[in-house]
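Please open the model in your viewer and keep the selection panel at hand.

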Amino acid sequence: MLKIGSHVGMKSPDMLAGSAKEAHSYDANAMMIFTGAPQNTKRKDVSEMNIPEGEKLISEYGINDVIGHAPYIVNLGNTTKPESFGFGVDFMAQEIKRCDALGIQALSFHPGAHVGAGPEAALNQIAKGLNEVLTADQNVKIAIETMAGKGTEVGITFEQLATILDQIKLTDKVAITFDTCHTSDAGYNIKDDFDGVLNEFDHIIGIDRIASIHLNDSKNPQGSHKDRHENIGFGEIGFETLNYVAHHPQLEEVPKIMETPYVKKDDQDKVGVAPYKAEIAMIRAQKFDPDMKEKLLKK
C-alpha cells in the first residue's frame with residue numbers, strides 16, 4: 001500500500017486533532033508535523049496538544065504514519081559556539097519526549113552546518129550530541145536528513161551521513177530521511193538514475209535505514225546546492241521520476257511526505273492554496289496533470 005501524505009500544521013486550539021483533520025482533507029494516510037514553529041524552539045506543554053482527540057482521529061482516518069520534523073534553528077554541528085551545542089542537546093532531549101507523547105515514529109532532523117570549522121568537526125560533534133540525547137527507552141527515531149549543501153551544511157553526501165551513523169551507540173534509534181530535492185541539489189542523479197543512487201545509498205548506509213522520504217521536486221538543476229522545493233512534476237526532477245520513487249518496490253513501507261510550496265496567483269499572493277490533495281491524487285493515479293496549478297487557483 002502506498003504510504004503518502006504531506007506536512008500539515010499543528011495550531012491552537014485543535015493542535016494534533018487539527019493536524020489529523022488537515023491530513024484527512026488531503027486524502028492522506030501519512031502526515032508530518034512540527035511540534036511548534038519551525039523557525040524557533042518555543043513549544044507548548046504536551047498537555048496542551050490535544051493528544052487524545054488527535055490519536056482518536058488519526059486512528060479513525062487510517063493515518064498509519066506520523067512523522068515529525070525538528071526546527072531548523074537547532075545546529076549540533078556548530079563547534080565555534082559551545083552554547084549552541086548545549087542548547088541543541090537540551091532541546092533535542094525534550095523534543096524526543098514530545099515526539100513520544102505525540103506518537104511520532106521518526107523525527108526528520110537537519111544535521112547542521114560547520115559554520116567555517118570544516119565538515120569533519122561538525123559531523124563528529126553531531127554524533128556526540130545525538131549520543132547525549134538518545135535513550136534506550138525512546139520510541140521515536142531521529143531520522144537525519146539528506147541535505148542540499150547550502151552554505152556550510154553537512155550531510156550532503158552519503159559518506160558524511162555514514163560518518164555520523166557509524167559513531168552512534170544506540171544505532172536502532174537513528175535513521176535517515178531521504179529528501180529527493182535535497183539529494184538532487186547535492187549532486188546525485190535522482191532524475192535519470194534513481195536506482196543507481198539508491199544502490200549507492202544501500203552500499204554506504206543501507207536502504208533499511210530510510211525512515212521517511214520527503215517527496216519534493218526541485219526548482220533548480222542537479223548539483224545546484226540551492227534547496228528550493230517545487231510542486232510535483234513542475235520542477236527539474238519531474239513527475240516520472242518522483243512517481244517512480246513513490247511506487248518503488250524497495251521503498252513500499254516507507255512513508256512519502258511532500259513539503260512542496262503552496263500554489264500562488266502571483267508574487268502579491270501571500271497565502272496561496274495547499275497543493276497536497278491534488279499532488280496525492282496524481283501520485284495515486286500515476287498520472288501528471290499539467291493544469292494542476294490553474295485548477296487549484298480557480299477553486
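How many positive and how many negative side chains does the chain have, and how far apart do the centres of the two sets lie? Select Lys and Arg as positive, then Asp and Glu as negative, leaving out His and the chain ends. There are 31 positive and 44 negative side chains, with 6 Å between the two centres; each charge is placed at NZ of Lys, CZ of Arg, CG of Asp or CD of Glu.

The model is predicted, so local features need pLDDT of at least 70 and side-chain atom pairs pLDDT 80 or more, while totals for chains, interfaces and linings use all residues. Residues are numbered from 1 along each chain as its sequence is written, and side-chain values use heavy atoms, without hydrogens and water.

Next, display the whole chain as a cartoon. The C-alpha trace spans about 50 × 45 × 40 Å along its principal axes. Of the 299 residues, 55% are buried (under 20% relative accessible area, 1.4 Å probe, protein chains only).

Now select residues 210–214, strand β7. Five of its five residues are buried, so the rest of the structure largely encloses this strand.

Finally, select residues 256–258, strand β10, which runs parallel to β7 and is joined to it by two bridges. Ile213 has Lys256 of β10 as its bridge partner.

How values were computed
Buried < 20%, exposed > 50% of the residue type's maximum accessible area, 1.4 Å probe, protein only. Helix = DSSP H or I, 4+ residues; strand = E, 2+ residues; numbered from the N terminus. Pairing = 2+ DSSP bridges.
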